[in-house]
Amino acid sequence: MSSTPSFAAQSPTSPLAPHQITRRAVGPNDVQIEIEFCGVCHTDIHQSRNDWGATNYPVVPGHEIVGKVSALGLEVGNLQIGQRVAVGCFVDSCHVCSSCKADMEQYCLQGFTASYNSPSKDPGGFTYGGYSKRIVVDKHFVLTVPDGLDPAGAAPLLCAGITTYSPLRHWGVKAGMTVGIIGLGGLGHMGVKLSHAMGAKTVMITTSKNKASDAMKLGADNVLISTDSDAMQAMANQFDFLLNTIPVPHDYNQYMGLLKVDGTMCIVGSVGPTAELDSGPLIFGRRSVAGSLVGGIKETQEMLDFCAKHHIVSDIELIKMEDINHAYERMLKSDVKYRFVIDMNSLS
Ligand SMILES: NC(=O)c1ccc[n+]([C@@H]2O[C@H](COP(=O)([O-])OP(=O)(O)OC[C@H]3O[C@@H](n4cnc5c(N)ncnc54)[C@H](OP(=O)(O)O)[C@@H]3O)[C@@H](O)[C@H]2O)c1
Ligand SMILES: [Zn+2]
Ligand SMILES: [Zn+2]
């Protein structure tokens, strides 16, 4: 067991502050990682502030983790001390259910163990995430970071990257298709880069006019301002696929008319009830609304390799651990370009 510095929220209203946790001893199948960088996901804000009503305190957020192997269990054959590795949104699952057997641990029928705030046999009784110096993770849930990927820019791939890559792949995004990415934040900017790399005509759908030129630089072919009803009307029936990353409950109906016949809007942002869904656009156009959760371990490795091949990393603002509360405030104002990443060297 090792005493490990971290940053934690002690209640829904307390800012994140230094907190000491204990990591478990390295078991035969475990990998101990010295964390170099951890991305800041909007989910970390939801969880720190108990937006979803299920946070156990103290909570140590962080599930976009990149670091170097510092100890290996006896049964871990495929990794080396000092190798650069990564951990994403979950650290355990049942391994035997139909989802786990199909490499979709994120849909484990027994419930996966999230990288933080999940019940666990670890010291403290809950998992603690990447806002910490060190983590111990079962080898199955450890990814390798391909050479050539900047480690700080790669950290957000572990959530923002895979959460957008997985649905783009599942719905077969490719050249010849028109894809709309709704919301230009952490997820959205990865969605634009990945959809563009997959060859689709990619349109950034945003509430922020001032992000238009950035969207084009990130790979968008076009920008649609969602508050401009004339522009929205002009793009009716144009999209094969929409990826919706908006982090708050909102009216899905305003986007449904953008879809072609048989088009799908996939929700990856806000979890939970939303405005009443109008079945009209679904029936008159055989359109679908769907959802998607991160991606499995095999697909996450595939995504990292795809990003290395296409030279894709996240556009980041590197911050010190002590700046995390300010970063949360800026994210809540949609003021981040386009992912905060914590330099874990700043945590002593
Ligand atoms: N399904 C999953 O597996 C999964 C994984 C990770 C995260 N998430 C969730 O995905 C959501 C997005 O996360 P993120 O880290 O990308 O957040 P983020 O960086 O804060 O970006 C969200 C973007 O959504 C747009 N937006 C914000 N408020 C809006 C509003 N009221 N109406 C319309 N658009 C609004 C803004 O873009 P514009 O300025 O361009 O409009 C904003 O930049 C969060 O709820 C997070 O919990 C889900
Ligand atoms: Zn996340
Ligand atoms: Zn399972």
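Let's start with Val 87, which touches Ile 33, Ile 65, Ser 115, Ile 135, Val 137, Phe 141, Val 142 and Leu 158, leaving aside residues up to four places away in sequence. Keep in mind as you look around that this model is predicted. Val 87 belongs to strand E5, which covers residues 84–87.

Now turn to helix H10, residues 297–309. Its 13 residues reach 18 Å from the first C-alpha to the last, close to the 18 Å expected at 1.5 Å a residue. Within H10, the buried residues are Ile 297, Glu 299, Thr 300, Met 303, Leu 304 and Cys 307. Seen down the helix axis, they fall within an arc of 160 degrees, so they line one face of H10. Strand E9 (143–144) and helix H4 (160–170) are among what covers them. After H10 comes His 311, with a positive phi near 55 degrees.

Finally, let's visit ligand 1. Of the 30 residues around it, His 42, Gly 183, Gly 185, Thr 206 and Pro 247 come nearest. Helices H1 (42–48) and H5 (186–197) each give two or more residues to this shell. By class, the shell has twelve nonpolar, 17 polar and one charged residues. Where does ligand 1 lie relative to domain 1 and domain 2? Domain 1 (2–159 + 315–346) and domain 2 (160–291) both give residues to the shell, so ligand 1 lies between them.

Terms used
Residues are numbered from 1 along each chain as its sequence is written. Chains are lettered from A and ligands numbered from 1 in the order in which they are written. This is a predicted model: local features need pLDDT of at least 70, side-chain atom pairs count only at pLDDT 80 or more; totals for chains, interfaces and linings use all residues. Helices (H or I, at least four residues) and strands (E, at least two) are DSSP runs, numbered from the N terminus. The expected span of a helix is 1.5 Å times one less than its number of residues. A residue is buried if 20 or more other C-beta atoms lie within 10 Å of its own, exposed if 12 or fewer, and partly exposed in between; C-beta atoms are placed from the backbone. The arc is that of the directions from the helix axis to the C-beta atoms. Two residues are in contact if their C-beta atoms, placed from the backbone, lie within 7 Å. A residue is near a molecule or strand if its C-beta atom, placed from the backbone, lies within 6 Å of it. Ala, Val, Leu, Ile, Met, Phe, Trp, Tyr, Cys and Pro count as nonpolar, Asp, Glu, Lys and Arg as charged, and the others, Gly among them, as polar. Domain bounds come from an automatic or database domain assignment.
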